[in-house]
Amino acid sequence: MSGKTANYIPGLEGVVAAQTRLSRVDGQKGELIIGGYPLETLAPNASFEEMIYLLWNSALPTALQLESLQNKLATKRELPFATLDLLRNVAKTRAPVMDALRMAASTLSLSSEVAANGDDIDADAIALVAAFPSIVAAYWRLLNGQPPVMPSTDLSHAANYLYMLTGETPGEAKARGLEIYLNTVVDHGLNASTFTARVIASTASDLVSAVTGAIGALKGPLHGGAPGPALDMVFEIGQPDKAEPYMRKLLNNGERLMGFGHRVYKVRDPRAEVLSQAAQAMYAADGDMQLFELVKHVEKVAVELLDEYKPGRNLQTNVEFYTALLLHGLGLHAELFSPTFAISRVVGWLAHCFEQQQTERILRPRAEYIGETEKKWVAIGDRSGKFSYV
Ligand code: COA
């Protein structure tokens with residue numbers, strides 16, 4: 001027996017499973033609203049700490065409120081001993097950074113506020129957001145045979161992450177480039193990891209559990225694994241005159257151009273524009289402008305070719321394409337792209353958890369049973385057949 005009924009919607013596509021004031025994605029118009037502001041207004045102007053405040057409080061902070069948040073985050077950057085100890089052991093197994101982040105995030109339940117399990121939601125959320133860059137940077141250094149760097153309490157969230165990765169205080173252009181990236185990807189509707197966080201929060205579970213589950217969802221390559229391959233493509237192209245023959249060959253072979261097309265956006269992903277401008281400013285101040293120009297050229301040719309090969313599909317540049325350029329310009333290895341995304345998105349996950357907690361309703365869809373209903377019981381000695389888990 002198989003087949004779908006009118007009620008079954010594969011992938012829950014188009015199903016409205018929550019209401020949110022956090023972000024609105026309009027794929028037809030190419031608009032992204034975050035906390036009431038168009039992305040293009042917010043991302044280049046706000047600090048990441050302002051974004052956190054906005055998402056958690058539905059309003060931009062006053063100077064005093066911002067300072068208080070900055071201080072709270074800065075004092076929570078240092079990892080508990082148990083977390084560092086775990087990271088040292090995980091590094092011996094060479095596990096991917098996202099796995100280390102997932103394992104380490106769950107140890108944050110050991111720290112005092114989080115152990116209180118919901119007594120002080122604000123403190124739990126702060127502890128999680130503050131710890132993410134420390135976990136990723138410490139693990140990355142351990143993987144590379146270097147000791148972790150103690151966090152700085154003087155730097156911004158973004159600048160401190162770069163500092164903990166390299167041991168050097170980043171220049172203004174790089175710190176700001178990263179900050180605009182973090183601002184841009186902080187929330188994006190009910191994507192798979194955000195939905196995961198909301199499902200866990202809906203059971204009245206704790207924030208560490210919700211965030212740990214969301215990391216697990218984000219880790220899957222279908223969620224956002226394209227920036228690495230998009231960058232590889234640009235490097236393989238190498239010089240502008242090779243862009244067209246290289247991508248034509250891919251398209252003739254039926255392959256996809258990484259960093260183009262989107263399930264929701266049918267026009268240019270607004271995040272691509274914001275990140276392209278941020279990358280331009282960063283590369284102009286402190287980077288390889290030749291690479292930046294090559295990327296712009298590859299984009300132009302790719303969009304033209306996609307129009308030629310897939311007319312009417314409107315395949316445009318997506319967020320991954322300029323993510324790759326920007327994060328590469330910051331000196332980040334491709335393996336750090338998804339963990340860096342998580343450093344931003346954890347703020348959105350938590351904001352969604354807060355919203356979900358307000359609804360006091362468990363997220364509990366149904367499944368359509370398509371199995372048999374009249375099987376006869378067979379005693380164990382009389383059973384035959386191939387072993388299978390399903
Ligand atoms: N390069 C070449 N062709 C592409 C393409 C791309 N990047 N993206 C979509 N297409 C083509 C498909 O082959 C398909 O062609 P067909 O109808 O002749 O078979 C058509 O466009 C529609 O594809 P479909 O998979 O239905 O589009 P989608 O909107 O569901 O897919 C993505 C969205 C993101 C999965 C898809 O665009 C893709 O694989 N992009 C490349 C990977 C990437 O950048 N991912 C990051 C997304 S943020």
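Modeller: Happy to; we can go through the strands, the salt bridges, the ligand and a few loop residues.

Colleague: Before we start, what kind of model is this?

Modeller: This is a predicted model, so please read each value below as computed from that prediction.

Colleague: Good. Let's start with the strands. How do S1 and S2 pair?

Modeller: They pair in the antiparallel sense over four bridges, with S1 covering residues 23-26 and S2 covering residues 31-34. Asp-26 has Glu-31 of S2 standing opposite.

Colleague: And which residue in that hairpin has a positive phi?

Modeller: Gly-30, with a phi near 70°. The hairpin of S1 and S2 has four residues between the strands.

Colleague: Where does S3 come in?

Modeller: S3 is residues 37-38, and two bridges join it to S2, with the two strands running antiparallel. Ile-33 has Pro-38 in S3 as its bridge partner. S2 and S3 also form a hairpin, this one with two residues between them. Gly-35, in the turn, has a positive phi of about 55°.

Colleague: Nice. Switching to charges: how many salt bridges does the structure hold?

Modeller: There are 13 salt bridges. One of them takes us back to Asp-26, whose side chain meets that of Lys-29 at 4.0 Å, N to O.

Colleague: Is Lys-29 buried or exposed?

Modeller: Lys-29 is exposed, because its relative accessible area is 57% and the cut-off for exposed is over 50%.

Colleague: What does Asp-99 pair with?

Modeller: Asp-99 forms a salt bridge with Lys-219, and their closest N and O atoms are 3.0 Å apart. That pair links distant parts of the chain, since Asp-99 is in helix H5 (residues 97-107) and Lys-219 is in helix H11 (residues 207-219), 120 residues apart. Asp-99, Lys-219 and Arg-102 are linked in a network of salt bridges.

Colleague: How accessible are Asp-99 and Lys-219?

Modeller: Asp-99 counts as buried because its relative accessibility is 14%, and buried means under 20%. Lys-219 is partly exposed, with a relative accessible area of 35%.

Colleague: Which residue does Glu-355 meet in a salt bridge?

Modeller: Arg-198, and the two side chains meet at 2.9 Å, N to O. This pair also links distant parts of the chain: Glu-355 is in helix H18 (residues 337-359) and Arg-198 is in helix H10 (residues 192-202), 157 residues apart. Both Glu-355 and Arg-198 are buried.

Colleague: Okay, ligand time. How many residues surround it, and which are the closest?

Modeller: 17 residues surround the ligand, and the closest are Leu-257, Gly-259, Phe-260, Arg-263 and Arg-313. The shell divides into seven nonpolar, four polar and six charged residues.

Colleague: Which side chains have polar atoms by the ligand's oxygen atoms?

Modeller: Among them is Arg-263, with a polar side-chain atom 2.6 Å from an oxygen atom of the ligand. In the side chain of Lys-310, an N or O atom is 2.9 Å from a ligand oxygen.

Colleague: How much of the ligand does the protein bury?

Modeller: The protein buries 70% of the 850 Å² that the ligand exposes when taken alone.

Colleague: What about Thr-93?

Modeller: Thr-93 lies in helix H4, residues 81-93. Its side chain reaches the backbone oxygen of Val-90 at 2.6 Å. Thr-93 counts as exposed because its relative accessibility is 56%. In space, Thr-93 is 38 Å from Met-289, C-alpha to C-alpha, and the two are 196 residues apart in sequence.

Colleague: Last topic: which residues have a positive phi although they are not glycine?

Modeller: Ala-204 has one, at about 70°, and Asn-314 has one of about 55°. Most residues other than glycine have a negative phi, which is why I'd point these out.

Colleague: Where do Ala-204 and Asn-314 sit?

Modeller: Both are in loops: Ala-204 is between H10 and H11, while Asn-314 is between helix H16 (289-309) and helix H17 (319-329). Ala-204 is exposed, with a relative accessible area of 69%, whereas Asn-314 counts as partly exposed at 40% relative accessibility.

Terms used: Residues are numbered from 1 along each chain as its sequence is written. This is a predicted model: local features need pLDDT of at least 70, side-chain atom pairs count only at pLDDT 80 or more; totals for chains, interfaces and linings use all residues. Side-chain values use heavy atoms; hydrogens and water are left out. Two strands pair if DSSP finds at least two bridges between them. Buried means under 20% relative accessible area, exposed over 50%, partly exposed in between (1.4 Å probe, protein chains only). A residue is near a molecule or strand if one of its heavy atoms lies within 4 Å of it. A polar contact is a pair of N or O atoms within 3.5 Å; within protein, one must be able to donate a hydrogen and the other to accept it, and residues adjacent in sequence count only if both atoms are side-chain atoms. Accessible areas come from the Shrake-Rupley method with a 1.4 Å probe; for residues, only the protein chains shown count as cover. Ala, Val, Leu, Ile, Met, Phe, Trp, Tyr, Cys and Pro count as nonpolar, Asp, Glu, Lys and Arg as charged, and the others, Gly among them, as polar.
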